[in-house]
Amino acid sequence: MKVLVMGGDGFCGWPTALNLSDKGHDVVIVDNLSRRKIDIELDTHPLTPIASIEERIAAWNEVSGKTIQFEFLDLAKDFVELVDLIQCHQPDTIVHFAEQRAAPYSMKSAKLKNYTVQNNLCGTHNLLNAIVESGLDIHLVHLGTMGVYGYGTAGTSLPEGYLQIYVEDEEGNKIPQEILYPANPGSIYHMTKTQDALFFQFYNKNDKLRITDLHQGIVWGTQTEQTQLDERLINRFDYDGDYGTVLNRFLVQAELGYPLTVHGTGGQTRAFIHIKDSVKCVELAITNPPKRGEKVKIFNQMAETRCLKDLADLISKQSGAQLAFVPNPRNEAPDNALMVKNDKFKALGWEPITLDEGLMAEVRDITSKYGHRCNIERIPCKSLWNKECQEGVPQQATTSPHLKAVK
C-alpha cells in the first residue's frame, strides 16, 4: 500500500514508518518536526541521540535498500498544501500520529494548553476535511489513547469504544442503543483525543470516511527490530517529567540510581503496551480496514494493566532501586481499578509482550551506553494540574543525589 505517516518522526511514528517500509509498503513521512523544537524549548533531549530526519531516512535506505520519502508540513496550519499532498501521493492509508502527545506538557501553562488544543484539534479536523476534499477513498488510522475513558471502569471491563445501553420510551419500553463509551478525560491532551472521536463519528456518518481509532495504553520500551539495525535509526527514549512515560521513567531511574518517583499512593492502575506491539497493532489495523459505510472501528490497543506501586515494586526487586513516594502533580483519584477488553487485536492473532518479559534488559543496555546524556534536573514531574497540586520531586534526590556512575 501507499501509506502517509503523519508525525512519522516521533516516538511511535518513526518505528511505525520503518516497520511498514520493511513490510514492503510505500511510505511517506509527513512531519513539521515540532517534537524536536519542544526539546529545545524544554532545554532537554532524549536519552538516546536522535539523528536528523534526513540522516535517519538515508540510513534506512542504506541498511534496507528501501526508500522513505519525507514531506515537511504543519497539519494544523497548511490545509491547502495538505490537500495537494494527498492528491499528489494518493495514499491507500493515512496513519495519524501528528498530535502533541504528552499530558504533563499539555498542563504546563495556559500557553501550552492552547497550543495542544489548537495543534491537535485543527490538525485532526484538517486531515479529515482534506481527505473529503481529495475525493479519494482513504483509510485513516488514528493513534488515540486509553485516557479517553478516564480511569474508572464502573465495575466492568472497558469495551472497545462502544457501549450497549437501553433507553426507556414513554410507554416504558426499553429501546437498545449503541453509544460511544462516555468520555472522561484527565488532561487537556486527553480532552483533545475525546474530541477527535467526535470528529471521526461525524465524518464517518456524513462522508462515509473509513476510520480506525486505536485507544492505546502507555507505551514502554524503545527499540524495534528495525530501529536497532543502526544507531542512526535509534528511537527516542524520553525520561523527563513532561514526555517520559511512567514505566520508561521508572526503568531509567533504576539504572541511574535515582529513586523511583511514585506519585501519590501509587494506587493508580494503567494500561501498558510495548513499542514493538504498538507497531504490530498499527500494521494489523492497516491490513484489516473497515469497509466503506462501516462505522468507525475502535480497538483497545493495550497488553495488560498494572498498578503503579506494584510496577515500582517489581522494578525495585530487579534492580535494588529505592522507592520515593512523592506528591502527585496530577488531579486524579489516589487509586483506581482498571479492566479492559482487547479482544479485537487478539482475534487477529496478536500475542502481546508482557511486562515480565525482558523488562530491564533493553533499557539497561541503552542506559549503560547513553546514561551520560541524562540531566537529572529534568527527571521530576513539575507540570501541575491545578493550584492545589505539588511537584513530584523526591526529597532525597534534591538533598543528596548519590547517583551511580554509568559505565
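pLDDT is the predictor's confidence in each residue, on a scale from 0 to 100. The structure described here is a predicted model, and its mean pLDDT is 93 over the protein. Of the residues, 96% reach a pLDDT of 70 or more. Where pLDDT is low, the predicted coordinates should not be read in detail.

Helix packing was examined for helix 8, which spans residues 246-256, and helix 10, which spans residues 308-319. The two helices pack at an angle of about 25°, and their axes are 10 Å apart. Because angles under 35 degrees count as roughly parallel, helix 8 is roughly parallel to helix 10. The crossing of the two helices is right-handed. On the side of helix 8, the contact is made by Val246, Leu247, Phe250, Leu251 and Ala254. Helix 10 contributes Leu308, Leu311, Ala312, Ile315 and Ser319 to the contact. Sorted by class, the residues in the contact of helix 8 with helix 10 are nine nonpolar and one polar, with no charged residues.

Ser278 is located in helix 9, which covers residues 275-287. The relative accessibility of Ser278 is 0%, so this residue counts as buried, the cut-off for buried being under 20% relative accessible area. When residues up to four places away in sequence are not counted, Ser278 touches Cys12, Gln216, Ile273 and Gln301.

Backbone torsions were considered next. Most residues other than glycine have a negative phi. Leu33, a residue other than glycine, has a positive phi, near 60°. Leu33 is found in the loop that runs between strand 2 (26-31) and helix 2 (34-42). With a relative accessible area of 18%, Leu33 is buried. A positive phi is also found at Asp43, where the value is near 55°. Asp43 is placed in the loop between helix 2 and helix 3, the latter covering residues 53-64. The relative accessible area of Asp43 is 54%, and Asp43 is therefore exposed, given that exposed means over 50%.

Note on methods
Residues numbered from 1 in each chain as written. Predicted model: local features only at pLDDT ≥ 70, side-chain atom pairs only at ≥ 80, totals over all residues. Heavy atoms only, no water. Axes fitted to C-alpha atoms, helices over the stretch in contact; angles between N-to-C directions. Helix = DSSP H or I, 4+ residues; strand = E, 2+ residues; numbered from the N terminus. Parallel < 35°, antiparallel > 145°, perpendicular 65-115°, else oblique. Left-handed = near helix turned anticlockwise from the far one by under 90°. Contact = heavy atoms within 4.5 Å. Nonpolar A, V, L, I, M, F, W, Y, C, P; charged D, E, K, R; others polar. Buried < 20%, exposed > 50% of the residue type's maximum accessible area, 1.4 Å probe, protein only.
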